[in-house]
Amino acid sequence: MRAASFGAGPAFAFFLTKVAVMRSLSQSAPRDPLPAALVGTLAALLGERFSTATAVREQHGRDESYHPSMPPDAVAFARSTEEVAAIVTACAAHKVPIIPFGTGTSLEGHIAALRGGVCIDVSAMNAILEVRPADMDVTVQAGVTRKQLNAHLRDTGLFFPIDPGADASLGGMTATRASGTNAVRYGTMRENVLALSVVTPEGRVVKIGGRARKSSAGYDLTRLFVGSEGTLGVITEVTLRLHGIPEKIVSAVCPFPSVRAAVDTVIATIQIGVPVARIEFLNARQILAVNAYSKLDYAAAPTLFFEFHGTPDHVAEQVRMVQDLAADQGAAGFRWAETPEERDRLWTARHNAFYASLATKAGGRGFSSDVCVPISRLTECIAQTEEDLARSALFTSIVGHVGDGNFHVIFIVDPENPAEIEEARRLNDRIVARALAMDGTCTGEHGVGHGKMDFLEDEHGEALDMMRKIKRALDPDDIMNPGKIVRL
Ligand SMILES: Cc1cc2nc3c(=O)[nH]c(=O)nc-3n(C[C@H](O)[C@H](O)[C@H](O)COP(=O)(O)OP(=O)(O)OC[C@H]3O[C@@H](n4cnc5c(N)ncnc54)[C@H](O)[C@@H]3O)c2cc1C
């Protein structure tokens with residue numbers, strides 16, 4: 001599946017056919033009702049914090065995407081690691097599936113209870129346990145959200161940079177290996193999680209990783225759990241790296257004459273090593289949606305949003321270099337946001353881009369592609385994708401963390417209209433095939449859930465079998481979020 005040119009040819013056709021066949025074979029397994037003895041145990045343990053109410057179950061079976069709701073049989077609201085361990089032990093005794101739940105903002109059917117079972121909602125586990133400014137790290141319970149953490153850190157001079165558009169839980173962000181607009185400078189959850197407390201599928205509490213900034217002590221289990229999407233255990237505590245708030249922060253918006261000009265500016269910026277903090281792309285349709293949703297008046301053109309961090313001199317130097325690169329590509333000029341309020345408005349609008357697209361269609365749901373390619377292939381990948389999209393009747397927009405080579409096509413579909421979902425899938429299959437042919441990945445940050453499972457064989461080959469072996473070794477009864485990431 002590795003080819004220089006793309007869009008036709010037998011390898012491409014084979015990929016698309018195989019994915020379509022695998023998808024048609026996918027069926028959710030039959031569900032058994034919860035054993036009465038388990039219901040009794042959990043009700044006695046949690047009282048009103050154990051619920052089988054329809055509305056509560058519905059709310060926990062649906063994420064923010066087009067994937068249909070698949071509610072669990074019950075929801076257990078945990079308050080401590082010990083409670084999570086007790087819930088898992090009880091479910092394990094009956095081999096009942098467990099689905100961990102943070103804030104439910106994932107986008108690939110991650111929290112769908114494909115085989116029923118008990119959803120463990122950790123959102124009430126929201127204590128910030130210890131901030132250690134001298135070591136620049138923090139330990140939190142898994143239900144703490146990224147905004148809650150940053151509000152708590154405000155007076156310390158430190159911040160936590162990973163910022164998915166939604167105000168997600170740090171446990172969920174760990175479980176999906178999330179990133180966001182700052183990843184180009186500060187890395188993703190992979191680089192920022194130091195240690196975890198996890199409850200294993202048999203109900204044991206295990207501490208993995210540590211606060212030392214480096215360690216060669218055995219297998220890197222922390223990295224294994226980062227991105228495990230609840231399939232290996234429940235994360236109950238997370239120790240994270242923190243970063244110093246920069247002395248000077250400047251943001252800017254810059255329209256370009258073409259998609260190619262904008263993306264080539266990104267590539268040049270990264271290749272010459274300008275340490276931009278944020279460099280985000282929005283195509284003209286996305287800008288129009290953002291303007292309407294956030295009451296802004298940016299020019300309707302392919303646009304880059306920038307942010308620069310550092311000392312005043314260092315920021316000025318970065319700005320000069322990027323302005324020169326943008327001018328070489330015919331950019332019209334930068335619109336600056338220097339005050340915290342102006343910057344907040346700009347980045348809130350960017351974070352709301354998904355909802356801005358949703359607002360273009362009453363009752364529409366979002367279907368987001370998430371490919372990431374090596375930076376040198378980014379222009380080609382986005383340009384060929386735009387050609388595909390231009391031939392489709394669906395509303396689509398493009399937004400991306402392009403400094404990392406990661407971009408999303410957002411398709412707005414009517415969830416009741418199978419033809420629209422099929423068309424979004426058809427286009428997404430082509431985008432993924434293209435990215436894999438360019439040595440990229442089907443998901444840069446959203447994760448696999450059950451929505452992207454069909455792509456993993458082509459992406460990982462033999463390594464997918466190794467993943468299956470790990471899953472079977474750690475969760476032999478397949479009770480932890482079954483039906484996600486790997487098909488057993
Ligand atoms: C508007 C919008 C913008 C977004 N932008 C981005 C973005 O820029 N970057 C990005 O990476 N993502 C983005 N996302 C996706 C989403 O916010 C992330 O995937 C986020 O990390 C999910 O966190 P959550 O707390 O909502 O997890 P949930 O949706 O609750 O769960 C996600 C997965 O993690 C598992 N899980 C949750 N908590 C735990 C736990 N304590 N232990 C073990 N497993 C657990 C669940 O079982 C599930 O498989 C966006 C979503 C929306 C709606």
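# Notebook: loops, sheets and a helix pair

**Serine 106.** I began with serine 106, which sits in the loop between strand 3 and strand 4. The model is a predicted one, and I read every entry below with that in mind. Is serine 106 buried or exposed? Its relative accessibility is 15%, and it counts as buried because the cut-off for buried is under 20%. I then listed its contacts, leaving aside neighbours within four places in sequence: Asp63, Glu64, Ser65 and Ile111. Isoleucine 375 is 269 residues away from serine 106 in sequence, and the two C-alpha atoms are 25 Å apart.

I then checked what lies over the strands.

**Strand 18.** I moved on to strand 18 and asked how many of its residues are buried. The strand covers residues 406-413, and eight of the eight are buried, so strand 18 is largely enclosed by the rest of the structure. I sorted them by face. Asn406, His408, Ile410 and Ile412 are on one side, Phe407, Val409, Phe411 and Val413 are on the other, and all are buried.

I looked up its partner strands. Strand 16 (residues 365-368) pairs with strand 18 in the antiparallel sense over four bridges, and serine 368 has isoleucine 410 as its bridge partner there. Isoleucine 410 is also one of the buried residues listed above. Strand 17 (residues 395-401) pairs with strand 18 as well, again antiparallel, over seven bridges. Here glycine 400 is bridged to phenylalanine 407. Strands 17 and 18 form a hairpin with four residues between them. In that turn I noted glycine 405, with a positive phi of about 80°.

Most residues other than glycine have a negative phi, so I looked up two exceptions. Aspartate 439 has a positive phi of about 65°. It belongs to the loop between helix 16 (418-437) and helix 17 (456-460). Aspartate 478 also has a positive phi, near 50°, and lies in the segment after helix 18 (462-474).

**Helices 15 and 16.** I examined how helix 16 packs against helix 15 (residues 378-390). Their axes come within 11 Å and cross at roughly 160°. The two helices are therefore roughly antiparallel to each other, because the cut-off for that class is over 145 degrees. The crossing is right-handed. From helix 15 the contact takes in Cys381, Gln384, Thr385, Asp388 and Leu389; from helix 16 it takes in Leu427, Arg430, Ile431 and Arg434. I sorted this contact by class and found four nonpolar, two polar and three charged residues.

**Glutamine 318.** I checked glutamine 318, which is in helix 12 (residues 312-328). What does it touch, not counting residues up to four places away in sequence? The list is Arg185, Val274, Pro275, Val276, Phe308 and His309. Glutamine 318 counts as buried, with 1% relative accessibility.

**Alanine 212.** My last entry is alanine 212, in the loop between strand 9 (205-209) and helix 9 (221-225). Its relative accessible area is 51%, and it is exposed, because the cut-off for exposed is over 50%. I took its C-alpha separation from leucine 194, 18 residues apart along the chain, as 7.9 Å.

Definitions and conventions. Residues numbered from 1 in each chain as written. Predicted model: local features only at pLDDT ≥ 70, side-chain atom pairs only at ≥ 80, totals over all residues. Heavy atoms only, no water. Buried < 20%, exposed > 50% of the residue type's maximum accessible area, 1.4 Å probe, protein only. Pairing = 2+ DSSP bridges. Axes fitted to C-alpha atoms, helices over the stretch in contact; angles between N-to-C directions. Parallel < 35°, antiparallel > 145°, perpendicular 65-115°, else oblique. Left-handed = near helix turned anticlockwise from the far one by under 90°. Contact = heavy atoms within 4.5 Å. Nonpolar A, V, L, I, M, F, W, Y, C, P; charged D, E, K, R; others polar.
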